[in-house]
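This briefing goes through a few parts of the structure shown below. The points are grouped by topic.

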Number of protein chains: 2
Amino acid sequence: MSAGPVVVLAGGVGAARFLRGLVRVVPADDLVVIGNTGDDMWWQGLYIAPDLDTVTYWLAGVADESRGWGLRGDTFTAQAALADLTSEAWFQLGDRDLATHLYRTGRLSRGVPLHQVTAELAERFGVRSRILPMSDDPVETRLKTAAGDLHFQEYFVREHWRPLVREIYWTGIEAARPAPGIAEAVAAARAVLIAPSNPAISIGPILRVPGVRRLLTAVRGRTVAVSPLIQGRAVKGPTVELMRAEGIRPDALGVAQLYRDLAAGFVLDAADAALAPAIAAMGYRVAVRPTLLDDIAAAREVAVAALDLLRQPAAA
Amino acid sequence: MSAGPVVVLAGGVGAARFLRGLVRVVPADDLVVIGNTGDDMWWQGLYIAPDLDTVTYWLAGVADESRGWGLRGDTFTAQAALADLTSEAWFQLGDRDLATHLYRTGRLSRGVPLHQVTAELAERFGVRSRILPMSDDPVETRLKTAAGDLHFQEYFVREHWRPLVREIYWTGIEAARPAPGIAEAVAAARAVLIAPSNPAISIGPILRVPGVRRLLTAVRGRTVAVSPLIQGRAVKGPTVELMRAEGIRPDALGVAQLYRDLAAGFVLDAADAALAPAIAAMGYRVAVRPTLLDDIAAAREVAVAALDLLRQPAAA
């Protein structure tokens, strides 16, 4: 493989679990993560960036991996006090996690762009990989649900993803520009990996940022996607529900269809091996592996498989 | 005395110590505090209102009275984590105190005016008195010092009030309007008390809000000021330094001169009894009491003395 970075399109915890294996295979310095910011929001005056923080904390080795968000060993003193003041304390931030948010919000309020603040936080947490937001511009993933029009976080955290989702839409997306560094990283990438994240609301917003899809189609031959679904089920969260709302068939085949213009390789779960021929018939090079990335060894294995696909000759 | 509220012009801890005694004499429901907001600032994305919080916490009985700011028994987990991220963590907020700030900032970001948020916080902390900011509009107390042009908090907290102050000025003051409720409370007041707060940077900004001075001169006969200085020294903080910068003689006489158009009564410390005749000669009714308000009994005594002055016949 040529030089150049390994670029990963990433959502939150699904991507983080994958990245934990990838950094065993690729030098951390060579890694560029493009993170979803559609889940970001302003909450109690703070700028919340759940996916960027999840990636940062996992790569730094400080994440609470069993909970999936926040910092390991954090306390919730401020959160408990806030719950005494307002019923709007539904978003959970630990005390040390709050410091991250104060830092970011303070910097943003001085006009520092999100990609720079994200880099500063990564540096302070000792992350050697580059973490880029998909855009410095505000984009909101919003859902029209049976319980009303909700920000993704309201649906996911506050409503525990119970309301039926009728439609997903994005505010700000038409005006959003890819964050500085994305175009260069993708163009120079020796590999682009689409992490096993929710295709509808984690990878979807990244691909909707004007210009990003064109950047990626240009490097299709160096791109591999990892299916986030195993036998049509998500490891965690409302992936299936939100794929349905977007009209995506909620299994590995649907994911492969979605990414066929963007990726030349596809990794799917061993339990879905029967789908491999159909996916290969779409023009993909296919690898079949256990994709439940609950330990680093499994994540490493999937990362190796994804990168190996790029060493194979192109499919007929 | 007639009905109507007892209105107190207040800064931070000096006023809070006085109020702690006043609420033993006046029913808490009858009390309206007009608080200085010139010390307010945006810090790490949060709206900080030190004097309003100090008054609220002390009246609620939850203040850390020995430290003078914040909540008793608070922890500083977020603060310590923030200090790891940035050198700008100089302003101290405990974890539970942070919840107050998140609540306020969240409400302000939704367009709720400061006086309403202040009332909500007071209510949630169980304070029955009304606490009003001097204005909903942003006013900043700024200092031209030997170390540059500083926000009051930068001078006071970050620089430990070491730099020589050349000049004090206020941004936003010309456009500031008295907060809703101030005009009515002052006009209806059975007594107006000027707390023993810094005349330059605590009471000064309140009096500079356009319209407030006129409201107060109209009730001069029902107004009593308490000197914040004892033998030309402040109990705490840079009162003398800042009075000098404002050209105010830094002793009880200077304070009395400053308030002579606003107040008919004046309480000064027993150690300054020799100044009483000169102050009476300015037209004041004068009471002499121990004004070091380090316990509730002393504060109560000063409150009684101040209110008693209003029961006396007017000075000749």
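Leaving aside its neighbours within four places in sequence, which residues is Pro228(B) in contact with? In this predicted model, the contacts of Pro228(B) beyond those neighbours are Gly14(B), Pro196(B), Ser197(B), Asn198(B), Pro199(B), Ala234(B), Thr239(B) and Val255(B).

- Pro228(B) sits in the loop that lies between E10 and strand E11 (229-230) of chain B.
- With 29 other C-beta atoms within 10 Å, Pro228(B) is buried, because the cut-off for that class is 20 or more.
- Ala273(B) is 45 residues apart from Pro228(B) along the chain, and their C-alpha atoms are separated by 14 Å.

**Strand E13 of chain B**

- Strand E13 (residues 265-269) of chain B has five of its five residues buried, so the strand is largely enclosed by the rest of the structure.
- In a regular strand, side chains alternate between the two faces of the sheet.
- Both faces of E13(B) are covered: one side carries Gly265(B), Val267(B) and Asp269(B), the other Phe266(B) and Leu268(B), and all of these are buried.

**Pairing partners of E13(B)**

- Strand E10 (residues 223-226) of chain B runs parallel to E13(B) and is joined to it by three bridges.
- Within E13(B), Gly265(B) is the residue that stands opposite Val224(B).
- Strand E14 (residues 285-289) of chain B also pairs with E13(B) in the parallel sense, over five bridges.
- Ala287(B) in E14(B) is the bridge partner of Val267(B).
- A right-handed β-α-β unit is made by E13(B), helix H12 (residues 276-281) of chain B and E14(B).

**Relation between the two chains**

- Chain A is superposed on chain B by a rotation of 180° with 0.0 Å of shift along the axis, at an RMSD of 0.0 Å.
- The two copies are therefore related as by a two-fold rotation axis.

**Interface between chains A and B**

- On chain A, 22 residues are in contact with 22 residues of chain B.
- Helix H3 (77-85) and helix H4 (95-109) of chain A each supply at least two residues of the side of chain A that touches chain B.
- H4(A) gives the largest share of that side, with nine residues.
- By type, the residues of the side of chain A that touches chain B are 10 nonpolar, eight polar and four charged.
- Of the interface residues of chain A, 100% are also interface residues in chain B, so the copies meet through the same surface.

Notes. Residues are numbered from 1 along each chain as its sequence is written. Chains are lettered from A and ligands numbered from 1 in the order in which they are written. This is a predicted model: local features need pLDDT of at least 70, side-chain atom pairs count only at pLDDT 80 or more; totals for chains, interfaces and linings use all residues. A residue is buried if 20 or more other C-beta atoms lie within 10 Å of its own, exposed if 12 or fewer, and partly exposed in between; C-beta atoms are placed from the backbone. Helices (H or I, at least four residues) and strands (E, at least two) are DSSP runs, numbered from the N terminus. Two strands pair if DSSP finds at least two bridges between them. A crossover is right-handed if, with the strands pointing away from the viewer, the path from the first strand over the helix to the second runs clockwise. Copies are superposed by least squares on the C-alpha atoms of residues with pLDDT of at least 70 in both. Two residues are in contact if their C-beta atoms, placed from the backbone, lie within 7 Å. Ala, Val, Leu, Ile, Met, Phe, Trp, Tyr, Cys and Pro count as nonpolar, Asp, Glu, Lys and Arg as charged, and the others, Gly among them, as polar.
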